[in-house]
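Hi there,

Here is the structure I promised to pass on. Please have it open while you read my notes below.

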Amino acid sequence: MNQIVLGPLVVAGAAAALALVIALVDRVVNDYGEVTIDVNHGKRAYKVRGGSPLLGTLASQGVFVPSACGGRGSCGACKVRVLSDVGPVLPTETPYLSPQELANGVRLSCQVKLKKDIAIELPEELFSVKKFKATVERLDDVTYDIKDAVFRLDEPAEISFTSGQYVQLVVPPYGTIKESVQRAYSMASRPGDSGRVELLIRLVPGGIATTYVHTALKVGDRVELVGPFGDFRVRDTPAAMVCVAGGSGMAPFKSMFYDMRERDAFPEKEIWYFFGARSSRDMFYLDELRRLEAEWPRFHFVPALSEPGPDEGWTGETGLITDVLERYIKDRIAKDKGLEGYLCGSPGMINACIAVMTRNGIAEGDVFYDKFA
Amino acid sequence: MTPLINPVTLFFASIFTSNILLTNFLGMCSFISISKDWKSSFGLGMAVTVVMTITAAVSWLVLEYVIAPLGLEYLSFIVFIVVIAAVVQILEMVIDRASPALYMSLGIFLPLITVNCAILGAILFMQIRRYGFIQAVAFGAGSGLGWWLAILLLAAIRERTEKNPVPAGLKGPGITMITIGFMAMAFIGFSGMIAVQ
């Protein structure tokens, strides 16, 4: 009997004693005192406690570097140019950094531990990034796997952004998910409607955030959004826009088109919008966009189904979106003012469209895209 | 009871004649994966040596003053593993603070020392052979240095043979295993010179 009690007690006691030693060493060794983060050559400075990763420390100061994974080093989004010496690049960072970025001192801010004073460079736009408290105002199914979510901003009550930018939805722990994560979604709402943020969220099987939105989120729930981020936007040139999207890649374009229409922005630009889906059940906003096309002469909408069912009564284009795109660029789209490509969708679709566009005379530097990783 | 072997003899014996790696083949995984690069091998060997020496001493004290008096020898495995994990954790924090460059070069391999079987192996030999405290520390340090020596030798050989033409199927781990085999054979020449048991 004694043995049964004694065994676990000894193991637990030894573990506890060692844990105590570890905690004490941690207190002594990991105390880096106060360090200064210098941003953009002295423009801003933050005095913070050292010992934590740069990403989280900046967030605690209200500076939100974009990060989709929440600091676990698995998304590669939180890149920051570090000007002072913070030690060699970690093996956890190298897969996300190009040789050019490595040469420029770009690091993943979630992997850089603050040990001493540090100087970094951040894009000025980042300081307009805020954390918004918002309430779910609407949550509609637009297809069997895409939800149209509209959030009303409570505090701050307005967001200032450019069409094409994205926000990060903060997903709280739910069900078996124990940690809060953040996922990026392009805003489908217009900048003119600054009190709301609309997102299109497609259910990804096994996806943490999309499953949350599709199963747990309800109208009236409070959520947090961080943004705006991103440089996907309409370029101010006379060149015609050739836009291609699939699935929830609709979002940034919906924002761009309705914003341009509202403000009559870039009046010289012709707009061609190709939207690809497999069958009618994947297609959405069809009537809305056709109405926009009828009212707005410079907007041309080309929806295409790759596998329309025989009883769907589909009258639009059929075939892979890349084939439809190639046909239109060759025969239908006027090229006298030049062409620009705008893409939003899966990496596979984007790469295929880039190939079609460059093959048909659009310079690679004139193709802009937002890839869903 | 406690064997009569002189700690100094034991120290050298565990480096050369009873090398923990080349005669007992313990700690092979990191031995093969890290020995590609001389610098990392140097750092890892140093870390293994330090961890082995400290854990041998701590484990001996725990064994002598906690486990043995209570008759809990059957728990020694679990306790040793906890001790190794704690020592590695502490060492990691200290190295991170004291020498960030070494910390970076060790990277993922420092925490992996926790599961380096050579360390647990050395502690278990110490227990089975009933070493005294000085003997245990000498054996731990010697085994660590022996491991360090072996990985440095292999790293040096691998850097030299890197460019050698090797049949495609034997490249990498294949030729490394053969190299280790030759090294082990060479070390067998020492065996029997000193009985460590």
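B:Leu70 sits in helix α3 of chain B (helices here are DSSP runs of H or I with at least four residues, strands are runs of E with at least two, and both are numbered from the N terminus). With a relative accessible area of 34%, B:Leu70 is partly exposed; buried means under 20%, exposed over 50%, and partly exposed in between, using a 1.4 Å probe and protein chains only.

Before going further, a word on the source: this is a predicted model, in which local features need pLDDT of at least 70 and side-chain atom pairs count only at pLDDT 80 or more, while totals for chains, interfaces and linings use all residues. Residues are numbered from 1 along each chain as its sequence is written, chains are lettered from A and ligands numbered from 1 in the order written, and side-chain values use heavy atoms, leaving out hydrogens and water.

Two elements of chain B, α3 (38–70) and α8 (133–161), each give two or more residues, and α3(B) has the largest share with 4.

**Salt bridges**

There are 25 salt bridges over all chains, each being a side-chain nitrogen of Lys or Arg within 4 Å of a carboxyl oxygen of Asp or Glu.

- A:Asp148 pairs with A:Arg138, with the closest N and O atoms 3.7 Å apart. This links strand β7 (residues 146–155) to strand β6 (residues 130–141), the partners being 10 residues apart. A:Asp148 is buried at 3%, whereas A:Arg138 is partly exposed at 39%.
- A:Lys147 meets A:Asp141 at 3.0 Å, N to O. A:Lys147 is buried at 11%, while A:Asp141 is exposed at 53%.
- A:Asp259 bridges to A:Arg263 at 3.0 Å. Both lie in helix α5 (residues 250–263), 4 residues apart, about one turn of the helix. A:Asp259 is buried, at 7% relative accessibility.

Salt bridges with shared partners also tie A:Glu137, A:Arg152, A:Asp154, A:Asp193, A:Arg196 and A:Arg222 into one network.
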